[in-house]
Amino acid sequence: MSNIVAIVGRPNVGKSTFFNRLIQRREAIVDAVSGVTRDRHYGKSDWNGKEFSLIDTGGYVKGSDDVFEAEIDKQVELAIDEADAIIFMVDVESGVTGMDEDVAKLLRKITKPVFLVVNKVDNGKRAEDAVEFYSLGLGEYYTVASINGSGTGDLLDDLVKALPEVEEVEEEQEALPRFAVVGRPNAGKSSFINALIGEDRYIVTDIAGTTRDSIDTKYNRFGFEFNLVDTAGIRKKSKVKEDLEFYSVMRSVRAIEHCDVCLVVLDATRGFDGQVQNIFWLAQRNRKGIVVLVNKWDLVEDKDNRTMKEFERAIKQQMEPFTDVPVVFISVLNKQRIYKAIETAVEVYKNRSKRIKTSVLNEVMLPIIENRPPPALKAKFVKIKYIMQLPTPQPQFAFFCNLPQYVKDPYKRFLENKLREKFDFHGVPISVYMRKK
């Protein structure tokens, strides 16, 4: 579990560039035109060893000023309600605008940490111009240049200090395992849970977005008790128009944060499209166990004995390099393989909780490393001497060697694949760290 930080502000102040810099991936589309749609607007970031989720609340389709101001007010109010801290971004080039003042008026009423960030400050003259943002009444401000990262270190230092501590150890010991059913709207998530529990616990309609909140259901199957969490569908930002739906999306992100295994439900007639991939990678970045459920398989026409394998192969091509994920083809309407889906999820949970003895780990892995050692770099030879599993909720392994800085990502992936091959971590992301011996 981690905290949620929301970035708010009017269009074209540099939120997407700032978002990309913090998550260290070029995921949000950046354009000079205001209101550009971003396919992915949820990400993970960390600073000084403290993780947090980042949500960008900007990027609306361009409309009239009155409509836009009403929408940004709704979005900011909802971000304030769900987030643990707010980054309010403004633009030094434009100075203080009417929309900036409207957002500031809302933020002055709350008790959560608010960080006023003046963007595009890349020289001394602009740093002097930023003084006018004191007029927003939010106190001290931070000057940054998202394009090159200038000033972000001071901001992040103070941000992580202000985030509340998450007491996850005690919760995990006492709480039941949580399986979150996630996916885009109208993929059949609520129908799947209704079919499992044998009653219409959740409202199901053909209208996308019927489910508005994340709801827990205690469930016992295969002698294993856990919580099933039904979530609202996560859809592209350009489709999120209602304030209530935006609130549902934030709740779905939090459900992924707090679960142990994500059951990613997709519609077989639509395939593993961009938005399902967004959800998949969000779960992977959060290091959750993952099971992909291909629902509505009964609607796929002209099936033969190769259709399922070809469909699965196409999905796994989109997942690369993390392809060790179970794919189960189900039909909720016909109750086809729905219990197989839960049985698979239980196996993935057990894989995620698996602990390998240090002696066994070294006995198995050291001969493999000896036969295929890390490639020499700059005439330096890396010698891995010792391996241990770290005491974390998900599988993480430390390889102790003489020159950890010379071990590159391809060899780390080789070690990860060997760990999967020898110890069965099917459906679970693995982290490999090189440490100085």
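1. Helices (H or I, at least four residues) and strands (E, at least two) are DSSP runs, numbered from the N terminus. Y134 sits in the loop that joins α4 (124–129) to β6 (141–143).

2. The model is predicted: local features need pLDDT of at least 70, side-chain atom pairs count only at pLDDT 80 or more, and totals for chains, interfaces and linings use all residues. Residues are numbered from 1 along each chain as its sequence is written, and side-chain values use heavy atoms, with hydrogens and water left out.

3. Y134 has a relative accessible area of 41% and is therefore partly exposed (between buried, under 20%, and exposed, over 50%; 1.4 Å probe, protein chains only). Apart from neighbours within four places in sequence, Y134 is in contact (heavy atoms within 4.5 Å) with G139, E140 and Y141. The side chains of Y134 and E140 make a polar contact at 3.3 Å (a pair of N or O atoms within 3.5 Å; within protein, one must be able to donate a hydrogen and the other to accept it, and residues adjacent in sequence count only if both atoms are side-chain atoms).

4. The axes of α12 (residues 358–371) and α13 (residues 409–423) come within 11 Å and cross at roughly 130° (lines fitted to C-alpha atoms over the stretch in contact; angles run from 0 to 180 degrees between N-to-C directions). The contact is made by V360, L361, V364, M365, I368 and I369 of α12 and by Y411, F414, L415, K418, L419, K422 and F423 of α13.
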